[in-house]
Amino acid sequence: MAVFLDVVYRSEEKDRVPSVLTNGIMSNILPFLKTRTASNARHFALASQVLATLSSYQFTRRAWRKEVFDMLMDANFFQMSPSALYSWCVLVDNLMTQDKNAFKEALTRLTVSQSSGLNIFSSKEAEYEQRSMYLKKLNFIVYTSEWDQYSRSVSEVLERVTDNLRAISGIVVPITTQVFLCTRVLISRISSASLASLWHIVIPELVSVFKNFADRLHGRKGPAPTAIALQQYPLSQLYLLLSACKLLATMLLLPENKAPQLFLRAKDGIGLANEGGAPEQHAWSIKVTGL
């Protein structure tokens with residue numbers, strides 16, 4: 001359809017395309033996009049595919065920008081099939097690429113504040129869940145981008161990460177998990193030269209999670225825990241451990257020239273002090289040099 005419109009409307013007539021789309025295609029597919037039910041999943045995926053195709057043409061942006069942005073900010077955004085999510089990767093990438101102000105607007109809207117719905121009567125759990133969801137959406141936006149597209153915005157992304165970590169005391173699973181995911185996304189999308197300050201933020205959190213689990217396991221009497229024994233841990237804690245392991249695996253795969261600020265050495269202690277003041281040695285320990 002977008003190709004057809006591109007052929008039918010000449011360059012000087014492209015301004016007429018958004019109104020044609022709004023009164024035609026958009027009015028027909030929006031009901032399917034705004035319905036998040038299992039019975040509508042197939043229609044949602046097909047409608048997302050149509051919209052993703054249209055979004056590839058910049059002259060159509062005015063017809064879908066507001067709706068796409070609003071759906072991206074919706075609390076149920078991630079309730080979709082993998083095929084639909086792929087279409088939304090294209091949609092979000094086109095939105096952020098074609099509209100230079102879109103990313104800054106997203107950063108503003110994905111910031112927890114009093115005006116975002118939280119108040120003094122809201123529980124901490126509700127605040128943590130909202131912070132986690134906002135960070136997850138920011139991760140998704142960066143993930144859909146091209147290589148180094150947001151290299152100039154790394155400081156703003158890290159500011160959001162730091163803000164979330166300051167809002168918690170200790171380890172909060174939803175937020176810490178998203179911080180680890182954010183790190184993996186940044187590693188996959190941003191050059192190492194722009195990530196020098198990332199390790200100052202993430203390494204302490206990663207070490208804290210591993211040390212927490214190590215202390216739990218070392219505090220147990222008897223043989224080393226089996227997979228069955230680990231099932232006794234809360235599922236959220238196991239998700240956190242999995243997230244930390246994925247991040248550590250990603251960091252271990254980085255060539256030294258890709259992250260010169262970071263050296264990962266097995267069995268090289270990070271200097272976690274025990275009660276006697278001597279550094280403990282852990283097989284997963286991390287040594288950061290040049291920071």
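1. Let me start with the cavity. Helix H7 (124-143) and helix H8 each put at least two residues into the lining of the largest cavity, and H7 has the largest share, with four residues. Helices here are DSSP runs of H or I with at least four residues, strands are runs of E with at least two, and both are numbered from the N terminus. A cavity is a set of points, on a 1 Å grid over the protein atoms alone, where a 1.4 Å probe fits but cannot get out, and lining residues have an atom within 4 Å of a point.

2. A word on the source before going on. This is a predicted model, in which local features need pLDDT of at least 70, side-chain atom pairs count only at pLDDT 80 or more, and totals for chains, interfaces and linings use all residues. Residues are numbered from 1 along each chain as its sequence is written, and side-chain values use heavy atoms, with hydrogens and water left out.

3. Back to that cavity. By type, that is five nonpolar, two polar and three charged residues. The classes are: Ala, Val, Leu, Ile, Met, Phe, Trp, Tyr, Cys and Pro nonpolar; Asp, Glu, Lys and Arg charged; the others, Gly among them, polar.

4. Asn-164 sits in H8, which spans residues 154-166. With a relative accessible area of 7%, Asn-164 is buried (buried is under 20%, exposed over 50%, partly exposed in between, with a 1.4 Å probe and protein chains only). Beyond its neighbours within four places in sequence, Asn-164 touches Arg-131, Leu-135 and Ile-175, where contact means heavy atoms within 4.5 Å.

5. Glu-156 is partly exposed because its relative accessibility is 26%.

6. Ile-201 belongs to helix H10 (residues 198-218) and counts as buried at 18% relative accessibility. Setting aside neighbours within four places in sequence, its contacts are Leu-158, Val-161, Thr-162 and Leu-165. For Leu-165, 36 residues away along the chain, the C-alpha separation is 9.0 Å.

7. Now the largest pocket, which holds about 220 Å³ of space. A pocket is an open set of points with protein on both sides within 12 Å along at least five of seven lines. It is lined by 14 residues, and those closest to its centre are Lys-100, Phe-103, Gln-149, Tyr-150 and Ser-153. Helix H5 (82-98) and helix H6 (102-109) are the elements giving two or more residues to this lining, and H6 gives the most, with three. Charged residues number six, with four nonpolar and four polar. At least three lining residues come from each of domain 1 (1-99) and domain 2 (124-265), the bounds being those of an automatic or database domain assignment.

8. One backbone angle to check is at Asp-148. Phi of Asp-148 is near 65°, a positive value in a residue other than glycine. Asp-148 lies in the loop between H7 and H8 and is partly exposed, with a relative accessible area of 24%.

9. On cysteines: a search of the whole structure turns up zero disulfides, a disulfide being a pair of cysteine sulfur atoms within 2.5 Å. Cys-89 is buried at 17% relative accessible area, whereas Cys-245 is partly exposed at 36%.

10. Finally, the whole chain. Its secondary structure comes to 12 helices and four strands. Of its 291 residues, 43% are buried. Among contacts with a separation of 6 or more, 72% are between residues 24 or more positions apart.

Key
Grid points are joined across faces, edges and corners, and a volume is the space filled by probe spheres set on the points.
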